[in-house]
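Subject: Structure handover

Hello,

Here is the structure for you to look through. Please open it beside this email and follow along.

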Amino acid sequence: MNEQEKRQTVIDHCIEMNDNGLNQGTSGNISIRHDDGMLISPSGVPYNELQPDDVVFVHPDGSTEGKLNPSSEWRFHMAILQGRPDANAVVHNHPPYCTALAIRHMEIPAMHYMIAAAGGDSIPCADYQTFGTQALSEAVLAALENRSACLMANHGMVACGPTMKKAMWLAVEVETLARQYVLSLQLGGPSLLTSDQVDEVLEKFKTYGAQPNREAS
């Protein structure tokens, strides 16, 4: 994508995450890698009012280009993109079930094989830190070690991916897992997968999704 297309995809996916119930109001934020920095949604502007020029470019040192301020959470977006070369997009929001678990400082355990979508046998919960701070960036990056998604204590969730489409897909999957986990707790708690079972699924996830047909001529 060129720069204009990236700006538009940030807006489109901000609107999408509100439409699909992952977020409410302007509390979430989305970024995409661009040049040596990132393009990120601005602070406090209703998504359906955004224009491509409203999306803010942030340099690695935190300086910005644009007429609006970047999201207050730009620090952990930048930390993820700098610390994770495999990630090109970051989605952060406050979905109900993920946030409910995060309020209780609970991770999502291996209660369904789709846990492997985030890269491991759990979706951890990052330690609580005040929003917008460097301390929160460090907590999130630590929770994302060997993972592509995590909860954020008393806050929400974050997911990253090689493309915006995959980051958003993962955010939806994590909220689905959170809802399933909460429902299972009401039935007495889940029966968890074993380490061997999760390892088997993780191996299968290496070829999960659209793959070229090697038998095609």
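Is Asp-121 buried, partly exposed or exposed? Asp-121 is partly exposed, at a relative accessible area of 40%. Here buried means under 20% relative accessible area, exposed means over 50%, and partly exposed lies in between (1.4 Å probe, protein chains only).

Some ground rules. This is a predicted model, where local features need pLDDT of at least 70 and side-chain atom pairs count only at pLDDT 80 or more, while totals for chains, interfaces and linings use all residues. Residues are numbered from 1 along each chain as its sequence is written, and side-chain values use heavy atoms, with hydrogens and water left out.

**Salt bridges**

Side chains of opposite charge can pair when their charged atoms come close. A salt bridge here is a side-chain nitrogen of Lys or Arg within 4 Å of a carboxyl oxygen of Asp or Glu. The model has five by this rule.

Asp-121 pairs with Arg-147, at 3.1 Å from N to O. This pair joins distant parts of the chain, 26 residues apart: Asp-121 sits in the loop between α3 and β6 (125-126), and Arg-147 in the loop between α4 (134-143) and β7. Helices (H or I, at least four residues) and strands (E, at least two) are DSSP runs, numbered from the N terminus. Arg-147 counts as buried, at 13% relative accessibility.

Asp-54 forms a salt bridge with Lys-67, and their closest N and O atoms are 3.3 Å apart. Asp-54 is in the loop between β2 (37-40) and β3 (56-58), while Lys-67 is in the loop between β4 (64-65) and α2 (74-83). Asp-54 is buried at 9%. Lys-67 is exposed at 63%.

Lys-206 and Glu-203 also pair, with 3.0 Å between the closest N and O atoms. Lys-206 is exposed at 61%, and Glu-203 is partly exposed at 49%.

**Nonpolar cores**

A nonpolar core is a set of buried Ala, Val, Leu, Ile, Met, Phe, Trp, Tyr and Cys residues joined through side-chain atoms within 4.5 Å. The largest one holds 46 residues. Met-17, Ile-30, Val-91, Ile-108, Ile-123, Leu-151 and Val-174 touch the most other members. Elements giving two or more residues include α1 (3-19), β1 (29-34) and α5 (164-186). The largest share, ten residues, comes from α5. Apart from this core lies another, of 21 residues, among them Val-56, Leu-136 and Leu-144.

Beyond its neighbours within four places in sequence, Ile-123 is in contact (heavy atoms within 4.5 Å) with residues including Ile-108, Leu-151 and Val-174.

Best wishes
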